[in-house]
Amino acid sequence: MAKPGKAAENAAKGGKLPPAKELLQYYRDMLLIRRFEEKAGQLYGMGLIGGFCHLYIGQEAVVVGLQACAKLGDAVITSYRDHGHMLATGMDSKGVMAELTGRAGGYSKGKGGSMHMFSREKHFYGGHGIVGAQVPLGTGLAFAQRYNKTDNVTFCYFGDGSSNQGQVYESFNMAELWKLPVIYVIENNQYAMGTSVARASAQPALYKRGESFGIQGRQVDGMSVVAVKEAGEEAVAHCRAGKGPVILEMMTYRYRGHSMSDPAKYRSKDEVTKMRAEHDPIDQVRALLLGNKMVDEDALKAIDKEVKDIVQQAADFAQESPEPDPSELWTDVYVEA
Ligand SMILES: Cc1ncc(C[n+]2csc(CCOP(=O)(O)OP(=O)(O)O)c2C)c(N)n1
Ligand SMILES: [Mg+2]
């Protein structure tokens, strides 16, 4: 972990300091995602995970900060870079890891893999491998929330690359027209596979992309969980009040490759190292907690251990769980009428 220095300075810019209890929760939730993803990377390296695997390391503050604004019944939908979102909605790390290893104990009984997990109970609607596909689907979830007269909202996450898709603008139009309670969260990690935003986007300020529809947008420091939470609260209040959709452009960064098979030739090692050293979301919260003497090192060590144990148990479960029975080939394919 980088020494608090620049990270501490950046953390201090984050505005009003939340109470220790809240910061500790962010620290734990972000660390769980980080350690889970590191373990998934290891298992992938050992050949235990097949297919695609897109890690969320570096982007943890986005989903953790926004889930801190959510209430029961709020929906979440995202792309293939989805393990962090699952854990943040409270899905069980064992079921997620076992799905990655293709085992019967996984959320899709081992038949979906990294990009295809769902939890009705936690209102997590996937995991989508087709770029941008979750945007109209998320808009539909918000339509249902409004139609059923709930005051729930949908957090619809997508990437900077996805934000250039036509279906995104069809969704924006309907969402504003019908004042749907959807928060479009653009996770701008600056690259779509190997293509930078600057190379692919005529309007690189992605928060402005809803302007012609009258959708308000805001750019947020997505490496600061405190800033994310603050922007999230405002967006959620707007949606719950029936005022329609909001766009939040989260400025973030992924430390690892696009997927596990990315040679990463499109950016320098220095760029990644600098981001990690100066903006890491976990180091920032650590620096806030220690720098303001809100907790001591021992309290953080206890959380580190708790998280390590959870992740180890998930990895053990994922390796011990049996492969799906061949009879499962024919289940969950079509809905029986
Ligand atoms: C319709 C479609 N086109 C292309 C692809 C291949 N593809 C997968 S991910 C990706 C980049 C998307 O980047 P971004 O939206 O920025 O999300 P990130 O991976 O950075 O989270 C592309 C082009 C795809 N899966 N679906
Ligand atoms: Mg991207």
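Helix α5 and helix α12 meet through Ser93, Lys94, Met97, Ala98 and Leu100 on the α5 side and Ile310, Val311, Gln313, Ala314, Ala315, Phe317 and Ala318 on the α12 side, two residues being taken as in contact if their C-beta atoms, placed from the backbone, lie within 7 Å. By class, this contact has nine nonpolar, two polar and one charged residues, where Ala, Val, Leu, Ile, Met, Phe, Trp, Tyr, Cys and Pro count as nonpolar, Asp, Glu, Lys and Arg as charged, and the others, Gly among them, as polar. The model is a predicted one, in which local features need pLDDT of at least 70 and side-chain atom pairs count only at pLDDT 80 or more, whereas totals for chains, interfaces and linings use all residues. Residues are numbered from 1 along each chain as its sequence is written, while chains are lettered from A and ligands numbered from 1 in the order in which they are written.

The axes of α5 (residues 93-100) and α12 (residues 297-320) come within 8 Å and cross at roughly 45 degrees; axes are lines fitted to C-alpha atoms, for helices over the stretch in contact, with angles running from 0 to 180 degrees between N-to-C directions. Helices (H or I, at least four residues) and strands (E, at least two) are DSSP runs, numbered from the N terminus. The two helices α5 and α12 are therefore oblique to each other, a term for angles that are not under 35 degrees (roughly parallel), over 145 (roughly antiparallel) or 65 to 115 (roughly perpendicular).

Helix α12 also packs with α2 (residues 20-45), the axes coming within 9 Å and crossing at roughly 40 degrees. In this pair, residues of α2 including Tyr27, Arg28, Leu31 and Leu32 meet residues of α12, among them Leu300, Ile303, Asp304 and Val307. By class, the contact of α2 with α12 has 12 nonpolar, no polar and five charged residues.

Ligand 1 is surrounded by 16 residues, of which the closest are Val131, Gly159, Gly161, Ser162 and Ala192, a residue being near if its C-beta atom, placed from the backbone, lies within 6 Å. Strands β2 (154-159) and β4 (191-192) each supply at least two residues of this shell, which by class has six nonpolar, seven polar and three charged residues.

According to an unreviewed UniProt entry, the annotation "domain: Dehydrogenase E1 component" covers residues 29-326, although such annotations may be inferred rather than shown by experiment. Over residues 29-326 the chain is 44% helix and 11% strand, with the end C-alpha atoms 36 Å apart.
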